[in-house]
Amino acid sequence: MILTEKELIQIRRHLHQIPELALKEFKTHDYLLNTIRGFNQDYLKIEVPQSLPTAILVLVKGKNPQRTIGYRADIDALPVNEKTNLPYASKNPNVMHACGHDIHMTVALGLLNYFSENQPQDNLLFFFQPAEESESGGKQAYEKGIFHDEFKPDEFYGLHDNPALPAGAIGCRMGTLFAGTTEVNIDITGKSGHAAFPQNANDTVVAAASLIMQIQTIISRSIDPIQSGVVTLGKIEAGTIRNVIAGHARIEGTIRGLTQKMIVQIDQRLKDICEGIARSYNLNVELQLNQGGYWPVENNPELTKQFISYMKNNPQVNYIETAPAMTGEDFGFLLAKFPGVMFWLGVEDNSELHSATLTPNESSIMRGIEAIKGFLIYRMEK
């Protein structure tokens, strides 16, 4: 039986009530698995990898497969206290699907349900991925070897909901959709002392101030102005009282870049500057760069061209060309390993992603399913 729009909305609302954090998506996993097992099983093969137990892989066997097309949906939530006052609001205190992953899962279930009743030409692989918001679930999945044998995709697709786009609209672009990210931690260690005797101390606040100012030149003087990157230092801690020179300072921030090459370039300049500050102020500067799984989401040129062409020429689809976003997305690591495309699904809401009041327009679910289903069928005919 093909799920109706009403049934899909009920699925989404149930998922919305049981949000769980990265690698703890046990109830979500069980609900997804039970729902999938309720579909026609004639063409389905389900695998739950032991190395990543909240993940689910579902293979839909094709009639005459020439390739395996992957589709990914992320399943974790955020540590956000929901403030929507909806009757189906989160039942888990301080945890919410504030990034719309309940929409992502529901669209994937709708697609899987359709192809369980209508055998596709090629193999389809549905990947319900844990730990997108943290813990780099996509990278873990790849490195733990869960994509193997018939469960290895030749190409990968995935969406992210976007409250700034009209409900059901499809947004995409050639090139980078999401920036790559590097988390930055800098510890500066000098020598504390009395404020009246600075000659006997080694002031880390002065060194930190100089370091921060020099870091601001990375984007303006080391990166091609035609491209785009961001270095934001959002947190600094030093000192305990006004008349004591601080012997330790900590700076925390983030790097964003539109290509992995740019990220590496920014990282190297940051290392150079930290080494220079250490020598200039005769103190220790320890730099930690944590790239995690957040590589830039760089869409494959040929597949993206096909995707955009289909969406533009489908009169039932509201296609919108979008600009790159400086937010990070875990799918970037998988697109670095498999050719594919990530795109936006409009959910039309006044609240932003990660907001405690995010309330996606549920009419986007069926519209998204229809648009993506059409593209997958089109792709299988190529």
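Predicted model: local features only at pLDDT ≥ 70, side-chain atom pairs only at ≥ 80, totals over all residues.

Trainee: What makes Arg-67 and Asp-122 a salt bridge?

Mentor: Their closest N and O atoms are 2.8 Å apart. The cut-off is within 4 Å, so the pair qualifies. Arg-67 lies in the loop between β2 and β3, and Asp-122 in the loop between α3 and β4, so the pair ties together parts 55 residues apart in sequence.

Trainee: Is Asp-122 buried or exposed?

Mentor: Buried: its relative accessible area is 1%, and the limit is under 20%.

Trainee: What makes Glu-150 and Lys-45 a salt bridge?

Mentor: The closest N and O atoms are 2.3 Å apart. That is within 4 Å, so the label holds. Glu-150 is in the loop between α4 and β5 and Lys-45 in strand β1, so parts 105 residues apart in sequence are tied together.

Trainee: Why is Lys-45 called partly exposed?

Mentor: Its relative accessible area is 33%. Buried is under 20% and exposed is over 50%, so Lys-45 falls in between.

Trainee: Which residue forms a salt bridge with Arg-13?

Mentor: Glu-362, at 2.8 Å, N to O. The pair links distant parts of the chain: Arg-13 is in helix α1, Glu-362 in the loop between β16 and α10, 349 residues apart. Arg-13 is partly exposed at 26%, whereas Glu-362 is buried at 10%.

Trainee: How many salt bridges does the rule give?

Mentor: The count comes to 14.

How values were computed
Residues numbered from 1 in each chain as written. Heavy atoms only, no water. Salt bridge = Lys/Arg side-chain N within 4 Å of Asp/Glu carboxyl O. Helix = DSSP H or I, 4+ residues; strand = E, 2+ residues; numbered from the N terminus. Buried < 20%, exposed > 50% of the residue type's maximum accessible area, 1.4 Å probe, protein only.
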